[in-house]
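This report describes the fold of one chain and the surroundings of two of its residues. Please consult the sequence and the structure shown below.

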Amino acid sequence: MDSVAIVTGGSRGIGRATSLAAAKRGYKVVVGYASNKAAADEVVAKIESSDGKAIGVKCDVGVEADILDLFKKADAFGRLGVLVNNAGVVDMPARVGEMSAARRTRR
């Protein structure tokens with residue numbers, strides 16, 4: 001399969017598990033990470049050690065230029081088939097739909 005899966009926040013936790021699962025299903029994986037390059041590199045190495053294909057791309061999803069770069073690199077890697085929008089931090093217990101627009105975009 002030449003289809004690419006982008007996983008934002010793909011280096012740790014649920015994102016890491018999702019990246020590994022996508023690779024097992026034959027996707028080429030773009031592991032998006034905000035700051036922990038070592039964690040992203042570990043996920044990429046794990047995928048590649050199982051004959052998968054993956055790249056790590058630094059991407060703060062709150063920065064438009066980073067998002068554009070992530071998709072540019074994904075496009076160069078293959079045809080996009082899956083986007084898992086996993087990145088983000090919620091510092092208060094609330095559903096996203098219950099937050100104000102200002103709160104959803106606060107940095």
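Contact is taken to mean heavy atoms within 4.5 Å. The model is a predicted one, in which local features need pLDDT of at least 70, side-chain atom pairs count only at pLDDT 80 or more, and totals for chains, interfaces and linings use all residues. Residues are numbered from 1 along each chain as its sequence is written, and side-chain values use heavy atoms, with hydrogens and water left out.

Four helices and four strands make up the chain, in the order β-α-β-α-β-α-β-α from the N terminus. These elements are DSSP runs numbered from the N terminus: helices are H or I with at least four residues, strands E with at least two. Among contacts between residues at least 6 apart in sequence, 61% join residues at least 24 apart.

Two residues illustrate burial, where buried means under 20% relative accessible area, exposed over 50% and partly exposed in between (1.4 Å probe, protein chains only).

Beyond its neighbours within four places in sequence, S11 is in contact with R16, V31, G32, Y33, N36, A39, A40 and V43. With residues up to four places away in sequence not counted, V82 touches V4, A5, I6 and Y27. The C-alpha atoms of V82 and V29 are separated by 9.3 Å, although these residues are 53 apart along the chain. Of the 107 residues of the chain, 30% count as buried.
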